[in-house]
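Please keep the coordinates at hand while reading.

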Amino acid sequence: MSGPIALHWAPQAASPPPPPPVVPSWSPVELIESIGVPHGFAEYVVWPAVQLALILFVVLTAVAYLTYLERKVAAFIQARLGPMRVGPVGLLQPLADGLKLLSKEDLVPAGADRFVYLAAPVLAVTAALGLLVLVPFGAAWGTVTDINIGLLFLLAVASIGVLGIVLAGWASNSKYALLGAMRSSAQLVSYEVALGLALVGPLLFARTLSMQEIVESQRFTGLWWVAVQPLAFVVYFIGSLAETNRAPFDLPESESELVAGFHVEYSGFRWSLFFMAEYANIIITSAIAATVFLGGWSMPGLETAVSWIAGTDATTPLYSTAFTLLSIGVFAGKVLVLVYVVMWVRWTLPRYRYDQLMDLGWRWLIPVSLANILISAFAFLVAMRPDQGGLLGLVEVTKNGLWMGWAGTAYFLLVNLATFAMAAWLLAKLNKTAWSTDLHALRRVEALRRAGRLATAEEARAE
Amino acid sequence: MASDTPSAAAHVFEQTEMLLNMGPQHPSTHGVLRVLLKLDGETVVDLDCDIGYLHRGVEKICEHDTYPMITPYFDRLDYVAAVNGDLVYVEAVERLMGVELPRRAEYLRVILAELQRIASHLLWLATHALDIGAATIFLYAFREREEILKIFENFTGARLTAHAFRIGGLQWDANPEFVRDVLAFLDILPGRIDEYETILSENRIWLARTVGIGVLTAADAIDTGLTGPVLRGSGVAYDVRRAAPYSVYPEFDFEIPTGDTGDTYDRYLVRMQELRQSVRIVRQAIEGLPEGSVMAARVPRVIKPPAGEVFHTNESPKGEIGVYLVSDGTNTPYRLRVRPPCFVNLQALKQLAVGHLVADVVALIGTIDIVLGEVDR
Amino acid sequence: MSERRSIGSVLSRLLLVDLFKGLAVTLRYNARALVEARDGADPTQAIYTAQYPKERPLVGERWRGAPKLNNDPRTGESLCIACNICALVCPVDVISVGQANREVRDGEKRKKKKVLTTFEFDTSRCMFCGLCQEQCPTLCLELTQEFELAVESRAGLVWDREMLEKGIHVVTYKK
């Protein structure tokens with residue numbers, strides 16, 4: 001298998017892959033069983049129900065407080081104070097908003113498709129909240145369930161949310177809502193492609209679709225996949241902004257053009273369902289980014305911190321609890337940082353136009369992520385150990401995950417940067433009009449192009 | 001579908017244009033403008049502006065009011081540039097009466113008018129950026145504008161509709177803190193303009209949304225009768241302050257920025273430069289502020305200009321604002337007509353917008369910088 | 001169409017430098033907002049907001065706010081001589097002055113004098129141009145610094161002589 005090329009240096013040989021990292025073995029299911037609940041019932045009904053209730057409570061509160069955070073971040077960026085009147089520093093503002101929205105009239109516009117109109121927000125919010133089942137909030141029992149097609153399932157269910165938006169816009173019997181829905185269906189469909197393709201890159205390294213195992217794989221390698229797939233991370237982040245209708249891609253609800261876009265006719269609680277869905281989606285996309293690119297709940301030093309608290313015996317309940325809670329904290333911290341970046345971007349950048357958004361998606365993000373997959377896969381193949389079918393022997397595939405040293409990391413980082421440069425160069429050749437660094441030239445060209453288009457439109461009218 | 005028998009497929013694929021009613025209640029029509037858009041997909045095929053929702057008949061009202069009573073109405077034409085409105089009216093009456101103003105009054109008028117120009121441009125920047133989605137610029141610009149409004153409040157007694165000038169001068173001399181406040185503001189503003197430009201001028205999204213949008217050639221702009229930054233953005237260096245100087249503008253050193261392609265980005269750049277030029281003018285005026293009275297000595301208590309007519313124009317932040325005044329020798333004008341820059345500039349919207357997308361219409365309404373109080377009068 | 005490209009410009013374009021410049025400005029504001037003191041309405045500070053009902057603004061000395069009829073501080077009688085100039089000069093006709101000829105004592109003599117009976121000021125239509133206070137010959141009518149004129153009914157916007165002399169009761173919220 002080694003081939004004719006004499007590349008039999010093996011830097012990994014001196015340091016064999018370490019054993020898999022510790023995972024606490026105790027779970028609260030044992031606690032439930034100890035009070036007399038039968039095993040299957042405890043593991044598949046009682047404990048998941050408790051978890052779901054907890055997660056729903058925490059996430060819905062988090063969603064409410066994300067609105068508060070958003071307003072505070074916006075205010076601080078904009079030299080304001082934000083909510084200050086309800087409760088200390090406005091902390092009860094989400095509660096007041098919720099009460100207000102609940103007590104408002106639920107309007108259905110004349111001529112609306114009543115059933116669809118009423119069902120659309122429910123669909124949107126259900127799709128968003130249903131995803132929570134699979135998000136690996138923490139280690140061990142910090143997650144509800146873990147299925148072997150986890151990431152695929154997440155992406156699939158997330159795209160149902162689009163239906164809610166499209167149906168809402170269609171059923172409202174309003175032109176603004178219709179335009180918003182059309183924009184959003186086009187936008188979400190095209191950005192989902194880029195999003196999914198961007199996730200393939202890190203999956204090459206994780207070698208699994210299960211969310212927990214993706215985290216474990218990064219823990220085993222001792223590396224977050226953002227280090228070897230920065231390009232995919234950027235593409236994913238941009239795509240997720242578009243996917244969650246956030247500025248600079250908030251076209252479906254662009255306030256200054258379409259007033260409120262697809263939810264222009266909604267009021268009261270149904271409106272707030274859309275709002276909840278939007279924020280829940282932000283949490284979910286940030287959670288996926290944190291899981292796939294940023295190591296999920298894992299963190300260097302997490303095990304050390306746990307052993308300070310609970311000793312080193314991984315089978316004790318105390319160890320398990322400390323480990324799970326700390327890992328949930330780490331995960332929440334990562335998600336929060338990403339959510340802050342999303343908000344920060346929103347309050348700084350202007351909004352793209354519809355056609356420019358499509359340009360960006362189809363002519364830049366999708367080709368870049370495709371190129372990234374191709375080159376990463378090829379580079380991966382080259383880097384594998386000769387006896388496993390590769391050449392360089394920088395990466396070793398073990399049954400617990402990938403093992404690579406600093407040389408492997410540097411190799412993949414370089415490959416990724418090279419991909420970046422090559423893709424950018426190629427795309428710049430292909431997308432001539434959309435890509436120019438000389439501002440003055442760009443302005444002249446654009447002006448001429450527009451003028452030409454203007455003339456043809458006038459001619460078209462004259463005919 | 002050229003076939004004689006209409007099939008079901010022909011009906012399904014029949015292209016229809018959508019009529020979209022934008023306004024009068026719409027966040028981006030800057031007041032109560034109603035724009036009827038004929039859309040093909042999202043592309044604007046045709047456009048019609050429906051104005052008049054704010055019509056108050058100011059010109060007719062003025063025929064019943066005495067000359068001093070008319071000034072507050074000029075505050076309310078272009079209500080975000082009230083001082084400039086006042087200025088053109090009182091100067092028109094003064095020209096009719098042949099009143100010579102003390103130099104201090106002229107200087108104070110220029111300072112207030114240029115501050116108002118800054119305030120108006122800041123408001124334009126705020127709303128224009130908000131239309132394109134940059135919400136934060138909105139509040140930054142409003143913060144700086146607020147400082148100007150405070151200066152106005154302390155000087156004239158009102159923030160927005162200042163009623164700053166009287167026929168023959170000013171009601172009051174500057175308040176004691178005036179010079180200090182203005183200088184403090186001038187120290188802050190240039191840095192803040194830099195900040196706006198850092199966020200916007202090179203931003204690729206801002207460029208994508210403004211470069212090449214609504215291109216207007218110089219010839220078209222002149223033919224349509226446009227004035228102000230919209231005209232200068234197309235490369236015509238026409239500014240009433242230079243072309244037909246009024247007040248003490250010839251004594252100040254300032255430039256007239258112009259664009260070259262006449263797109264939305266050029267108009268943005270022109271206005272940003274005008275902000276800096278206005279800062280220059282105010283600084284010169286403050287430094288050279290003479291002492292003396294602020295009211296002309298020979299202004300009668302009851303103002304009755306001699307019979308005759310006058311057409312006087314000024315450079316308002318929106319363009320060339322003109323007042324045509326016919327006096328029959330009584331204490332009320334026989335006829336008063338305003339040449340509103342916003343009304344004329346708005347007529348270019350159709351030329352600018354056809355062929356662009358809905359999102360651009362919003363940006364184009366912003367770039368023309370209209371105030372419906374002046375469009376509808 | 002000649003385009004000049006340098007490696008620097010290409011790189012800055014690829015690395016989104018233009019966007020990060022703007023993001024740096026807003027991040028700086030955000031960081032400053034968290035640490036800096038706030039006095040309210042100070043343009044040099046990171047947070048400009050003044051929390052209005054709690055922190056009351058200092059209104060300009062020349063502010064044209066709620067109208068007021070001044071009394072002579074020595075005698076307590078109205079300074080108004082019912083000359084009607086304010087009503088005449090008002091562009092929007094919000095003032096109506098009621099007057100009557102009364103016999104008044106001036107020392108030993110009895111003479112007829114025009115006195116003020118009623119005074120109505122419609123603040124709903126007033127545009128606060130200040131022409132009335134400018135023209136008042138006795139400095140009786142004045143636009144004060146009071147700026148909170150909201151009431152709960154339209155009728156409450158028409159101020160009679162008593163309200164004008166005493167001023168309306170403004171509830172000052174502290175919270």
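The discussion begins with the dimensions of chain B. For 377 residues, a compact globule would have a radius of gyration near 21 Å, and the 22 Å of chain B agrees with that expectation. The model is a predicted one, and the values below are to be read accordingly. Taken along the principal axes, the box filled by the C-alpha atoms of chain B is roughly 85 × 50 × 35 Å. The secondary structure of chain B consists of 16 helices and eight strands. Of its 377 residues, 65% count as buried. Among the contacts in chain B with a separation of 6 or more, 72% are between residues 24 or more positions apart.

The second topic is the interface of chain B with chain A. Chain B brings 50 residues to the contact and chain A brings 33 residues. About 3600 Å² of area is buried between the two chains, and carbon and sulfur atoms give 62% of that area. Eight residue pairs, both members at pLDDT 80 or more, are in polar contact across the interface. On the side of chain B that touches chain A, at least two residues each come from strand S1 (18-22) and from the helices H5 (103-132), H6 (135-156), H7 (178-200), H8 (204-210), H12 (264-287) and H15 (358-368). Helix H8 of chain B gives the most to this side, with six residues. By class, the side of chain B that touches chain A comprises 28 nonpolar, 13 polar and nine charged residues.

How many salt bridges cross the interface of chain B and chain A? The rule finds one. In general, side chains of opposite charge can pair when their charged atoms come close. Here the partners are B:Asp360 and A:Arg353, whose closest N and O atoms are 3.0 Å apart. B:Asp360 belongs to helix H15 of chain B. Is B:Asp360 buried or exposed? Its relative accessible area is 0%, so B:Asp360 counts as buried. Apart from neighbours within four places in sequence, the residues in contact with B:Asp360 are A:Arg353, B:Arg209 and B:Ile213.

Over all chains, a search of the whole structure finds 41 salt bridges. One of the pairs within chain A joins the side chains of A:Glu70 and A:Arg246, at 2.8 Å from N to O. This pair links distant parts of the chain, 176 residues apart: A:Glu70 is in helix H2 (residues 39-77) of chain A, and A:Arg246 is in the loop between helix H9 (230-243) and helix H10 (255-258) of chain A. A:Glu70 has a relative accessible area of 4%, which means that it is buried. A:Arg246 likewise counts as buried, because its relative accessibility is 1%.

Within chain B, the side chains of B:Glu146 and B:Arg159 also meet in a salt bridge, at 2.8 Å from N to O. B:Glu146 lies in helix H6 and B:Arg159 in the loop between H6 and strand S4 (165-166) of chain B, so the pair ties together parts that are 13 residues apart in sequence. B:Glu146 is partly exposed, at 21% relative accessible area, and B:Arg159 is partly exposed as well, at 27%.

B:Asp181 forms a salt bridge with B:Arg180, with the closest N and O atoms 3.2 Å apart. B:Arg180 is exposed, with a relative accessible area of 56%. Elsewhere, a network of salt bridges links B:Glu114, B:Arg117, B:Arg232, B:Asp239, B:Arg241, B:Glu274 and B:Glu315.

Leaving aside neighbours within four places in sequence, A:Ile309 is in contact with A:Leu318, A:Ala322 and A:Leu326. A separation of 40 Å lies between the C-alpha atoms of A:Ile309 and A:Ala156, which are 153 residues apart along the chain.

How values were computed. Residues are numbered from 1 along each chain as its sequence is written. Chains are lettered from A and ligands numbered from 1 in the order in which they are written. This is a predicted model: local features need pLDDT of at least 70, side-chain atom pairs count only at pLDDT 80 or more; totals for chains, interfaces and linings use all residues. Side-chain values use heavy atoms; hydrogens and water are left out. Contact means heavy atoms within 4.5 Å. Buried area is the accessible area (1.4 Å probe) that two parts lose on being put together, summed over both. A salt bridge is a side-chain nitrogen of Lys or Arg within 4 Å of a carboxyl oxygen of Asp or Glu. A polar contact is a pair of N or O atoms within 3.5 Å; within protein, one must be able to donate a hydrogen and the other to accept it, and residues adjacent in sequence count only if both atoms are side-chain atoms. Helices (H or I, at least four residues) and strands (E, at least two) are DSSP runs, numbered from the N terminus. Ala, Val, Leu, Ile, Met, Phe, Trp, Tyr, Cys and Pro count as nonpolar, Asp, Glu, Lys and Arg as charged, and the others, Gly among them, as polar. The radius of gyration is taken over C-alpha atoms; the globule rule is 2.2 Å times the number of residues to the power 0.38. Buried means under 20% relative accessible area, exposed over 50%, partly exposed in between (1.4 Å probe, protein chains only).
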